[in-house]
Protein chains: 2
Amino acid sequence: MEHSWQADAAAIIAQALAHPVRIQILELLRREGAYVMHLTTMLGRPQANISQHLATLREAGLVTDEREGMTVIYRVRDPRVFDLVDRLKVLSPGTRVSRESRIEEMTLPRRSGRGRGCHCPRCANR
Amino acid sequence: MEHSWQADAAAIIAQALAHPVRIQILELLRREGAYVMHLTTMLGRPQANISQHLATLREAGLVTDEREGMTVIYRVRDPRVFDLVDRLKVLSPGTRVSRESRIEEMTLPRRSGRGRGCHCPRCANR
DNA sequence: TTGAATCATTCAAAATATCGAATAAGGTAG
DNA sequence: CTACCTTATTCGATATTTTGAATGATTCAA
């Protein structure tokens, strides 16, 4: 039935990006790899849910998982995915990126009040 | 409930791109606007289905529809969506774009045999 | 008006995606 | 070994998407 080559592949990648939590995960992976625990506490969601979304990103080939002792570090496989995410935001109707606001700042949930600390190995800070 | 700002917006755009037929429609809109009839015959799918996918793209703000007599011309609202589509393809695992092959060529279905002609107003050819 | 052509929308069924809860799997420490 | 910690997976319920079929809506021509 007359398939569509790269259209299928492109759609699969788009589908992997088609959820706010997965976009947020990629935002958190922008500067460096992150432990699952870190993503879980930063996004304030059940661990299973984060793990499920990570599986989606992994199966799409967008991230890699590296076991490190008891923990697992997720990293973006190809940094060009960040260009993609940025362009998705720019194309959004209401989104006009004002010159002074960093995109990264705006999209991170920044947990409010007490509860913003992460206890993952890399986050020894308070 | 702690929303996610631009992550939602980005995900909505990604969702609009998350289907092979919609990617193909955008490919056909790459050079110029197209009549629905043109898209329908080129992609070899039921008219209602194409119209549904066009509605998805329209609601995401990615395309515009302009009535022209009995027909309707769809155009891409912001050409930057093509960058997005190209990058979606590049990030696909198996997709290594060889230098000599135009991406556009590969992704169009090119209906085989007899049945490749379109009868839309703009396609007076053969 | 009637009919034809083009496109949009509605409907119900099937397929997918998402979620929380529970459980499993893997590693570490005692 | 047991107990614990971190992450992954399975399960069932719910929600969303996709589809063809049928129907509407609009325009034009006769």
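**The surface near DNA strand D**

Four elements each supply at least two residues of the surface near DNA strand D: helix 3 (36-43), helix 4 (47-59) and strand 3 (71-76) of chain A, together with helix 4 (47-59) of chain B. The model described here is a predicted one. Helix 4 of chain A makes the largest contribution to this surface, with six residues. In all, 24 residues lie around DNA strand D, and those that come nearest are A:Val36, A:Met37, A:Ala48, A:Ser51 and A:Thr71. By class, the residues of this surface comprise 13 nonpolar, ten polar and one charged.

A corresponding description can be given for DNA strand C. There the surface draws at least two residues from each of helix 3 (36-43), helix 4 and strand 3 (71-76) of chain B, and from helix 4 of chain A. Helix 4 of chain B gives the most, with six residues. The closest of the 24 residues that surround DNA strand C are B:Val36, B:Met37, B:Ala48, B:Ser51 and B:Thr71. The class counts for this surface are 13 nonpolar, ten polar and one charged.

A rotation of 180°, with 0.0 Å of shift along its axis, superposes chain A on chain B with an RMSD of 0.1 Å. The two copies are thus related as by a two-fold rotation axis. Within chain A, the residue that comes closest to this axis is A:Ala14, whose C-alpha lies at 2.6 Å.

Strand 3 of chain A, one of the elements of the surface near DNA strand D, also belongs to a sheet. This sheet is open and consists of three strands of chain A in the order 1-3-2, with antiparallel pairing. Its edges are strand 1 (34-35) and strand 2 (63-68) of chain A, each of which pairs on one side only. Strand 1 and strand 3 of chain A run antiparallel and are joined by two bridges; in this pairing A:Ala34 has A:Tyr74 of strand 3 as its bridge partner. Strand 2 and strand 3 of chain A pair over six bridges, also in the antiparallel sense, and A:Val63 stands opposite A:Val76 in strand 3. Strand 2 and strand 3 of chain A form a hairpin with two residues between them, and in its turn A:Gly69 has a positive phi of about 70°.

These elements take their place in a chain that contains six helices and three strands. Along the sequence, chain A follows the pattern α-α-β-α-α-β-β-α-α. Of the contacts in chain A between residues at least 6 apart in sequence, 61% join residues at least 24 apart. Buried residues account for 35% of the 126 residues in chain A.

The contact between the two protein chains involves 40 residues from chain A and 39 residues from chain B. On the side of chain A that touches chain B, the elements giving two or more residues are helix 1 (6-17), helix 2 (20-28), helix 5 (80-91) and helix 6 (103-107). Helix 1 of chain A has the largest share, eleven residues. This side of chain A has 22 nonpolar, eleven polar and seven charged residues. Because 98% of the interface residues of chain A are also interface residues in chain B, the copies meet through the same surface.

A:Ala14, the residue of chain A that comes closest to the rotation axis, is in contact with B:Ala14, B:Leu17, B:Ala18 and B:Leu88, leaving aside its neighbours within four places in sequence. The largest nonpolar core has 63 residues, and A:Ala14, A:Leu17 and B:Ala14 have the most contacts inside it. In soluble globular proteins, nonpolar side chains tend to be buried together.

Helix 2 of chain A, one of the elements on the side that touches chain B, is mostly covered, with eight of its nine residues buried. These buried residues are A:Pro20, A:Val21, A:Arg22, A:Ile23, A:Gln24, A:Ile25, A:Leu26 and A:Glu27. In chain B, eight of the nine residues of helix 2 (residues 20-28) are buried, so this helix is largely enclosed by the rest of the structure. Among the buried residues of helix 2 of chain B are B:Arg22, B:Gln24 and B:Glu27.

Key. Residues numbered from 1 in each chain as written. Chains lettered and ligands numbered in written order. Predicted model: local features only at pLDDT ≥ 70, side-chain atom pairs only at ≥ 80, totals over all residues. Least-squares fit on C-alpha atoms with pLDDT ≥ 70 in both. Contact = placed C-beta atoms within 7 Å. Nonpolar A, V, L, I, M, F, W, Y, C, P; charged D, E, K, R; others polar. Core = buried A, V, L, I, M, F, W, Y, C linked by C-beta atoms within 7 Å. Buried ≥ 20, exposed ≤ 12 C-beta atoms within 10 Å, placed from the backbone. Near = placed C-beta within 6 Å. Pairing = 2+ DSSP bridges.
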